[in-house]
Amino acid sequence: MADQAAFVSRQAARQPFEINQRQVQLDLWVRRIGKIGLLLNPVFAYFFLWAPIIVLIVFSFNAGRSVSTWEGFSTQWYQNIFSNTIAGGTEAARFTTENMLGAVRNSVIVGVGSTLLSTIIGTMVALSLVRGRFPGKKIIDSLLYLPVVIPEITQAISLAIFFKVVFDFVKLQTGLNPTTGFGTIIIGHVAFSISYVAIVVRARLADMNPRLEEAARDLGANEWRTFWRITFPLILPGVIAGALLAFTLSLDDFVITFFTSGIGTSTLPLFVYGMLKTRVPPEINAISTLMLVASTVLVAISLGLQGRNAARR
Amino acid sequence: MASIARLPTGRKQRGFLLALPAVLWLTLFFLLPVLIVFVVSFLSRGRGGVGDLPFTLANYERVITVFGPIITDSIWIAFVTTVICLLVGYPLAFFISTRHDPRMRSLALFMIILPFWTNFLVRTYALQTILGREGIINGVLSGLGLIGEPLSLLNTPEAVILGLVYGYLPFMVLPIYASVERFDFRYVEAAHDLGANDLRAFLRVVLPLTLPGVIAGFILVFIPTIGAFVTPDLLGGTRGIMIGNLIQQQFRGSGNQPLGSALSVVLMAMVMIALLIYVRFGDRES
């Protein structure tokens with residue numbers, strides 16, 4: 001402290017408005033470098049984020065098999081996808097158009113099923129945590145955050161072991177022979193989606209004025225009626241956003257599906273992974289581009305819905 | 001009067017009943033499976049690689065003696081990834097949140113999030129094609145005559161780090177953006193008035209006040225990258241292997257499920273430690 005006081009008095013002893021030219025020059029250089037850095041960084045970052053995707057799209061229209069040399073425009077890979085000649089029809093029988101469309105269908109079945117369940121369960125738990133008063137809320141809160149932070153690979157193998165144990169037990173007790181399939185995939189997807197839906201809906205509920213509900217009850221509406229006439233319409237954008245998030249997560253999921261799917265229930269990511277692990281036919285660029293377009297459309301719809309709701313408020 | 005007196009208790013019960021499906025689902029299909037993994041991690045390897053009696057600590061012994069190096073490599077890869085994300089993500093978040101035109105700001109943010117909405121496998125594959133022996137980087141470099149032989153960029157730890165940065169950069173940008181957005185830039189003016197230059201103002205004022213966002217971003221990137229599976233699987237080859245790949249290997253065909261479970265428990269422990277550090281030092285507001 002004494003040092004500091006000495007320093008201050010020494011400073012004061014100098015001329016109060018003496019300008020140190022060297023210091024000013026240095027500060028100006030610091031500012032210039034900072035400005036350049038702040039402009040270069042986004043240029044680099046956006047390039048880094050977008051270049052691989054753009055290269056992927058561009059080369060999906062390449063006439064040759066190469067992913068680096070442009071040999072002219074062609075839509076042959078797209079045609080191949082839909083004419084059952086993926087990889088010239090030579091690849092193992094699993095990469096057929098029929099199997100790919102089957103994988104798309106499976107993805108949609110799993111996506112719709114898990115989204116419906118997780119949206120209902122997630123919205124309910126969000127309501128209970130924001131509006132309810134009961135002991136143990138903090139524990140439920142922590143429980144909800146766990147699937148978000150525990151690594152996917154751990155959740156995946158946990159479910160794999162769990163289903164094996166349960167199925168062995170069922171087999172021993174009843175003689176039935178349950179196997180992994182849509183049911184087990186959906187169970188796994190719901191287990192991680194509930195948390196995301198709950199987080200999104202909860203944020204929406206927290207923004208909502210609770211007096212609106214009180215007013216409805218004062219006017220004689222019972223709780224059921226209050227919920228469907230007041231609360232639900234007001235949190236609907238949050239519920240839709242949560243549902244779209246759950247749907248996207250489900251469509252995107254690879255690791256948990258990989259460990260919980262059965263024969264004939266491969267989803268699109270599993271199909272793509274199989275292709276990547278074998279020989280990477282050039283059609284994969286075209287399939288990836290189509291997936292990109294599909295997810296962009298989904299995001300656009302979701303943003304459109306949210307935008308319209310925001311405008312209406 | 002009786003109905004009014006009863007109302008609060010009725011709501012109390014309803015509140016809990018609404019939470020019940022989620023609690024049951026997560027207990028049955030999340031907590032219980034994780035608990036089973038914990039138990040299996042102390043079992044011996046039985047026929048077909050599944051767990052069997054007797055109980056043993058041998059799996060953890062093997063995790064440390066045999067897989068210790070890969071675990072430390074994984075921690076290192078996740079750490080480097082997180083630091084790179086921070087170095088790229090902080091200025092980026094700063095750039096976005098200091099755009100004055102709100103439409104420009106939304107667009108800048110949207111351009112960060114959109115790649116993130118596309119399928120993770122597809123994005124990783126996109127990097128694979130760029131880094132490959134016949135990929136565009138090698139194509140351009142040999143086209144310019146800078147290299148004779150194509151560089152082996154794929155199947156290295158560096159490729160894994162690049163892939164992870166590519167996949168998780170938005171997780172760093174978004175929380176920092178939220179922090180910088182809330183920051184009051186009059187503090188910087190005050191610092192300037194008191195004689196600090198830009199660097200000093202940044203280090204002493206801006207950075208400490210946006211630290212909660214930095215810490216949140218650090219955790220949000222570190223946790224998924226430490227348990228990454230797809231990225232090292234597609235970009236890492238045998239040299240860029242991570243703990244997630246080890247776990248997966250023990251569960252395919254006749255692996256060693258108790259050993260894989262022990263690896264999983266160790267992974268969870270590392271994530272929990274990271275979380276505890278966050279809770280201890282992180283953003284107390286949220």
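Which hand does the crossing of H4(A) and H9(A) have?

Guide: This is a predicted model. The crossing of H4(A) and H9(A) is right-handed. Two packed helices are described by the angle between their axes and the distance between the axes. Here helix H4 of chain A covers residues 97–131 and helix H9 of chain A covers residues 223–252; they pack at an angle of about 140°, and their axes are 8 Å apart. Because of that angle, H4(A) counts as oblique to H9(A), since only angles over 145 degrees count as roughly antiparallel.

Next, the residues that touch. From H4(A), the contact is made by A:Ser107, A:Val110, A:Gly111, A:Ser114, A:Thr115, A:Ser118, A:Thr119, A:Gly122 and A:Thr123. H9(A) brings A:Val239, A:Gly242, A:Ala243, A:Ala246, A:Phe247, A:Ser250 and A:Leu251. Sorted by class, the contact of H4(A) with H9(A) has 10 polar residues, six nonpolar and no charged.

A pair in chain B can be set beside this one. Helix H7 (residues 157–182) of chain B packs with helix H9 (residues 198–226) of chain B at an angle of about 160°, with the axes 8 Å apart. That angle is why H7(B) is roughly antiparallel to H9(B). The crossing of H7(B) and H9(B) is right-handed. Among the residues that make the contact are B:Leu164, B:Tyr168 and B:Phe171 of H7(B), and B:Gly213, B:Val214 and B:Leu220 of H9(B). In the contact of H7(B) with H9(B), 14 residues are nonpolar, five are polar and none is charged.

Now the wider setting. Chain A is divided into domain 1, residues 16–59, and domain 2, residues 93–278. The centres of these two domains of chain A, taken over C-alpha atoms, are separated by 42 Å.

The chains also touch each other: 67 residues of chain A and 64 residues of chain B take part in the contact. On the side of chain A that touches chain B, the largest share comes from helix H2 (residues 21–59) of chain A, with 16 residues. By class, that side of chain A has 47 nonpolar, 14 polar and six charged residues.

Chain B itself has 12 helices and two strands. Its radius of gyration is 24 Å, well over the 19 Å that the globule rule gives for 286 residues, so chain B is more spread out than a compact globule. The C-alpha trace of chain B spans about 90 × 70 × 35 Å along its principal axes.

Key:
Residues numbered from 1 in each chain as written. Chains lettered and ligands numbered in written order. Predicted model: local features only at pLDDT ≥ 70, side-chain atom pairs only at ≥ 80, totals over all residues. Axes fitted to C-alpha atoms, helices over the stretch in contact; angles between N-to-C directions. Helix = DSSP H or I, 4+ residues; strand = E, 2+ residues; numbered from the N terminus. Parallel < 35°, antiparallel > 145°, perpendicular 65-115°, else oblique. Left-handed = near helix turned anticlockwise from the far one by under 90°. Contact = placed C-beta atoms within 7 Å. Nonpolar A, V, L, I, M, F, W, Y, C, P; charged D, E, K, R; others polar. Domains from an automatic or database assignment. Rg over C-alpha atoms; globule rule 2.2 N^0.38 Å.
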